[in-house]
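Have the 3D view open as you read.

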Amino acid sequence: MAVLTQDKADRAISAVLRYGSLISTLVMALGVGLMLLRRPATRLTTYHRIEPVELFSALIRLDPAAVTEFGILLLLFTPIFRVIVAVISFALERDKKYVLISLGVLLVVLLSISFAVEG
């Protein structure tokens, strides 16, 4: 039975935000650096929905536009990971009220993203 102190939960959430933004910034900088080193970057096809197969195959080839887009995706997913960490920390604290609130926030964020991607 794991007990999580508020301080540890705060540090975990802080680490997710700090390292998520740092890693995404480094990935985007790598993409821009590749763009500057190579010929003009090829663009991924215009899409309403991100096709992971296309993105990841372009990432393997180190396509500058794909690397930059992946960094942007990481930055967009950082707050989602933060809410997931909050849900886990509240669950470990056995605080059902805040688990439900955090799950509600996660649901709203995911629904908002799905509506934005569909539109």
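The notes below look at one helix and then at the nonpolar cores.

Please keep in mind that this is a predicted model. In soluble globular proteins, nonpolar side chains tend to be buried together.

**Helix α2**

- Helix α2 covers residues 52–60, and within it Leu-55, Ala-58 and Leu-59 are buried.
- Looking down the axis of α2, the buried residues fall within an arc of 105 degrees, so they line one face of the helix.
- That buried set packs against α3, which spans 64–92.
- Turn to the other side of α2 and you will find Val-53 and Ile-60, which are exposed.
- Just after α2 comes Leu-62, whose phi is positive, at about 55 degrees.

**The largest nonpolar core**

- Nine residues form the largest nonpolar core, including Ile-13, Ile-80, Val-83, Phe-90 and Leu-106.
- Two elements, α3 and α4 (96–118), each give two or more residues to this core.
- Helix α3 supplies the largest share, with six residues.
- Val-99 is another member of this core.
- Setting aside neighbours within four places in sequence, Val-99 is in contact with Val-87, Phe-90 and Ala-91.

**Another core**

Technical notes:
Residues are numbered from 1 along each chain as its sequence is written. This is a predicted model: local features need pLDDT of at least 70, side-chain atom pairs count only at pLDDT 80 or more; totals for chains, interfaces and linings use all residues. Side-chain values use heavy atoms; hydrogens and water are left out. Buried means under 20% relative accessible area, exposed over 50%, partly exposed in between (1.4 Å probe, protein chains only). Helices (H or I, at least four residues) and strands (E, at least two) are DSSP runs, numbered from the N terminus. The arc is that of the directions from the helix axis to the C-beta atoms. Contact means heavy atoms within 4.5 Å. A nonpolar core is a set of buried Ala, Val, Leu, Ile, Met, Phe, Trp, Tyr and Cys residues joined through side-chain atoms within 4.5 Å.
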